[in-house]
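Please look over the sequence and the structure shown below, and then follow the account of how the two chains meet and how some of their residues are placed.

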Amino acid sequence: MENLWQGLIKALQLIISLDPEVIQIAGRSLWIAATSCILATIVCLPLGSIIHFNKFYGKRLLINILQTLYSVPTVAVGLFVFVFISRAGPLGSLGIMFTPIAVIIGQVILITPVITGLTVSALSGVDKGIAETAVSLGANRLQKMILVLREARYAIISAVIMGFSRAVSEVGLSLMIGGNIKGFTRTITTAISLETSKGNLELSLALGMILIFLALLVNIAFNQLQHR
Amino acid sequence: MTLINVTKLTKEYDGQCILKEIDLKIERGEAFALIGPTGTGKTTLIRLLDLLEEPTSGNIHFDGIDVTHNKQQRFEVRRRLSLVQQKPIVFDMSVYDNIACGLKWRNEKSNVIEQKINNALALVGMNEYQARNAKTLSGGETQRVAIARALVTEPEVMFLDEPTANLDPNTTLKIEEILANIKQEKKTALVMATHDMSQGQRLANRIGVLLDNRVMQVGSPNDIFCLPQSLDVAEFIGIENILPGVVTERDSELLTVKVNSHSLQVVSHRMVGEKVYVLIRPEDITFAFSKEKSSARNSLDGTIKRMTPLGTLVRIEIDCGFPLLGVVTRNSAEELEFKIGKRINASFKATAIHLIERWY
């Protein structure tokens with residue numbers, strides 16, 4: 001218990017003094033997760049719209065599969081990407097194993113089902129009359145889709161936040177294909193995992209607090225956006 | 001050329017027939033009202049005409065173009081139409097942006113958009129609401145924004161589905177005034193569905209009566225309300241005296257029609273022996289205590305059975321071998337001391353009676 005207490009104090013010191021290593025690791029976590037989130041969003045919004053606005057055989061099943069993939073284990077995604085980008089894999093020649101790019105690819109795959117699935121439910125939540133009113137006012141297909149997306153913007157922002165949260169908090173995937181290389185692919189979660197096993201609880205706690213603090217900041221920012 | 005020409009239009013949902021073989025023509029710039037009780041398919045017809053749904057069978061031509069099924073043509077023609085729904089849906093954005101949508105989608109320039117929106121807002125009296133989020137407006141305000149939004153694209157036809165059904169009387173009056181202004185100032189044809197007959201009468205040049213999923217009669221307000229062609233229409237428009245009779249004599253245009261034991265004089269073109277319904281509007285009946293000298297050819301004595309106050313009027317039901325309904329002003333009812341059980345005389349002109357065919 002004393003350990004924990006001292007650890008907390010040390011952690012606060014590390015944060016307040018803007019310890020370079022802590023800041024660097026936190027910054028890396030943030031930009032890797034943010035990049036993954038932005039890339040995934042660019043893919044997921046059109047994908048979710050296409051799924052929502054079209055009738056096709058197996059639509060229900062596809063949505064069910066997407067929802068199941070919300071809880072896919074991060075290590076499973078890590079393994080999947082690992083197979084592709086390891087030296088012997090089909091994309092081995094790219095040499096991206098144990099780089100931030102590998103982590104970003106993994107995270108995009110991890111959160112695509114989440115953002116896509118939640119985008120579909122966000123769009124389903126929009127009053128059917130909105131689309132119809134748009135059509136009656138002369139909107140073409142694309143204009144109608146953009147309007148409905150706009151009407152669903154708050155729910156879609158929540159979807160993106162969910163995606164970001166999952167990316168920034170995962171550890172299995174970053175360890176497996178990022179390699180936790182100091183100064184290169186070490187993120188908050190992989191650092192916590194390592195430092196804890198080394199017995200360096202202060203650093204772990206400091207990083208843990210920063211992670212929660214980051215999550216809080218992101219949520220506050222998006223909340224501000226919603227209430228504008 | 002007729003703007004909208006509908007032939008044998010039928011719409012079914014899951015095998016249930018909503019509209020049956022509708023034939024209808026809408027002319028450029030006219031004000032047309034579809035009247036009928038709720039659940040007769042008015043909304044469905046409006047949605048078919050606005051090209052939001054495709055008919056099960058039949059054809060729709062707009063300005064000579066067949067727009068029954070062809071997707072591209074339906075899209076292009078839809079941009080020449082607009083619709084104000086019964087419960088208009090506004091987008092979660094400012095009033096200005098709501099109205100701008102249709103113009104932006106048609107790639108109008110922003111200075112043109114601004115000008116047109118200002119004009120449209122002025123017409124519905126909502127200029128000061130421009131910046132408000134449309135979701136925060138009241139029912140009547142939402143309706144006005146929806147009208148401005150539908151009007152701003154200068155459609156050739158504007159459809160209105162029950163434009164005042166959910167509004168209080170004052171707001172209704174305001175909306176009707178706006179519609180009357182549009183009718184006067186714009187070239188837009190107005191096609192409105194309403195269950196409020198008097199609204200149809202006030203706003204339209206032509207009325208179509210939709211009953212039991214069919215268009216039963218189309219004509220001027222006067223035709224519909226004074227010369228209904230069928231029992232259903234007569235009942236719907238509220239003609240309360242509907243009496244079965246038979247034509248017994250004919251002297252050029254003057255007929256004698258036997259109703260129970262009474263003979264009524266009627267100006268009409270029916271043949272002797274024809275079975276008819278005799279329709280008399282309550283307001284065409286004059287009551288007095290004794291038979292007066294007047295030009296009215298029909299005069300019947302009866303006993304007052306019931307008196308119902310109706311604002312400044314009193315509805316009087318007498319029994320003269322058959323029940324007959326009429327109205328008098330409250331003042332004359334008091335002056336003449338009408339009371340239940342008293343015997344009075346009812347008279348009406350031979351031209352006040354309208355006959356329709358009776359099949360059984």
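Is Arg47(B) buried or exposed? In this predicted model, Arg47(B) is buried, because its relative accessible area is 17%, where buried means under 20% relative accessible area, exposed means over 50%, and partly exposed lies in between (1.4 Å probe, protein chains only).

Some conventions come before the details. Residues are numbered from 1 along each chain as its sequence is written, while chains are lettered from A and ligands numbered from 1 in the order in which they are written. Because the model is predicted, local features need pLDDT of at least 70 and side-chain atom pairs count only at pLDDT 80 or more, whereas totals for chains, interfaces and linings use all residues; side-chain values use heavy atoms, with hydrogens and water left out.

The contact between the chains involves 18 residues of chain A and 22 residues of chain B, contact being defined as heavy atoms within 4.5 Å. The size of an interface is often given as the accessible area lost when the parts come together. Here the area buried between chain A and chain B is about 1700 Å², with carbon and sulfur atoms giving 57% of it; buried area is the accessible area (1.4 Å probe) that two parts lose on being put together, summed over both. Of the area that chain A buries against chain B, Glu132(A), Ser136(A) and Leu137(A) supply 35%, more than any other three residues.

Between chain A and chain B there are 9 residue pairs in polar contact, both residues being at pLDDT 80 or more. A polar contact is a pair of N or O atoms within 3.5 Å; within protein, one must be able to donate a hydrogen and the other to accept it, and residues adjacent in sequence count only if both atoms are side-chain atoms. On the side of chain A that touches chain B, helix H6 (128–136), helix H7 (141–151) and helix H8 (153–169) of chain A each supply at least two residues, and H6(A) gives the most, with 7 residues. Helices (H or I, at least four residues) and strands (E, at least two) are DSSP runs, numbered from the N terminus.

The count of salt bridges between chain A and chain B is 2, a salt bridge being a side-chain nitrogen of Lys or Arg within 4 Å of a carboxyl oxygen of Asp or Glu. In one salt bridge, the side chains of Glu132(A) and Arg47(B) meet at 2.5 Å, N to O. Glu132(A) lies in helix H6 of chain A and Arg47(B) in helix H1 (residues 42–49) of chain B, so this pair joins two chains. Glu132(A) is partly exposed, with a relative accessible area of 24%. Arg47(B) also meets the side chain of Glu53(B) in a salt bridge (2.5 Å, N to O), and Glu53(B) counts as buried at 14% relative accessibility. A network of salt bridges links Glu132(A), Lys11(B), Arg47(B) and Glu53(B).

Elsewhere, the side chains of Arg80(B) and Asp63(B) form a salt bridge (2.9 Å, N to O). Arg80(B) lies in the loop between helix H2 (71–78) and strand S6 (81–84) of chain B, and Asp63(B) in the loop between strand S4 (57–62) and strand S5 (65–66) of chain B, so the pair ties together parts that are 17 residues apart in sequence.
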